[in-house]
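Here's a quick tour of a predicted model, written for someone who likes to know the cut-offs. Have a look at the sequence and the fold before reading on.

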Amino acid sequence: KGFVAATDRSPLDKEDLMDWVEDLSSTIQFTLALDGDATLNSQILLQEQGLRLIPSFVRYMVAVLLEQKGQNVTLEEYYMDS
């Protein structure tokens with residue numbers, strides 16, 4: 001129920017996590033895998049037509065959540081067709 005069917009996050013190194021918690025100017029990198037994005041087919045069709053009306057909806061939501069906490073967010077995305 002929602003925008004994705006399943007998620008998986010890469011494990012965080014405890015030392016990197018503690019550095020990030022203690023010093024918010026440090027960076028932390030993790031991978032968030034999403035499976036079954038309900039908006040994906042419509043996004044792909046719009047992109048194939050040369051339109052970029054909306055960004056990746058789930059990507060946008062993750063960025064907004066982190067930015068609301070005062071984090072500087074850099075995101076990369078790619079699709080795996082299986």
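## Contacts and overall make-up

A contact here means heavy atoms within 4.5 Å. With that in hand, take the pairs in the protein chain that sit at least 6 apart in sequence: 50% of those contacts join residues at least 24 apart.

The protein chain has three helices and two strands, where helices (H or I, at least four residues) and strands (E, at least two) are DSSP runs numbered from the N terminus. Read from the N terminus, the order is β-α-β-α-α.

Residues are numbered from 1 along each chain as its sequence is written, and side-chain values use heavy atoms, with hydrogens and water left out.

pLDDT is the predictor's confidence in each residue, from 0 to 100. The chain averages 76, and 79% of the residues score at least 70.

## Surface and burial

The accessible surface of the protein chain is about 7,200 Å², and carbon and sulfur atoms own 54% of that. Areas come from the Shrake-Rupley method with a 1.4 Å probe; for residues, only the protein chains shown count as cover. Of the 82 residues, 10% are buried. Buried means under 20% relative accessible area, exposed over 50%, and partly exposed in between (1.4 Å probe, protein chains only).

Which residues form a nonpolar patch on the surface? They are Phe-30, Leu-32 and Leu-34, with about 230 Å² of accessible area together. Patches take residues with over 30% relative accessible area and no salt bridge, joining like charges within 9 Å and nonpolar side chains (Val, Leu, Ile, Met, Phe, Trp, Tyr) within 5 Å. A salt bridge, in turn, is a side-chain nitrogen of Lys or Arg within 4 Å of a carboxyl oxygen of Asp or Glu. Leu-34 belongs to strand E2 (residues 32-35) and counts as partly exposed because its relative accessibility is 35%.

## The loop between H1 and E2

Ile-28 sits in this loop and is partly exposed, at 24% relative accessibility. Skipping neighbours within four places in sequence, Ile-28 touches Leu-12, Asp-16, Leu-17 and Trp-20.

Thr-31 and Ser-10 are 21 residues apart in sequence, yet 5.1 Å apart C-alpha to C-alpha.

## After helix H3

Glu-76 lies in the segment after helix H3 (57-68). Is Glu-76 buried or exposed? Glu-76 is exposed, because its relative accessible area is 77%. Its C-alpha is 8.9 Å from that of Arg-59, 17 residues away along the chain.

Definitions and conventions. This is a predicted model: local features need pLDDT of at least 70, side-chain atom pairs count only at pLDDT 80 or more; totals for chains, interfaces and linings use all residues.
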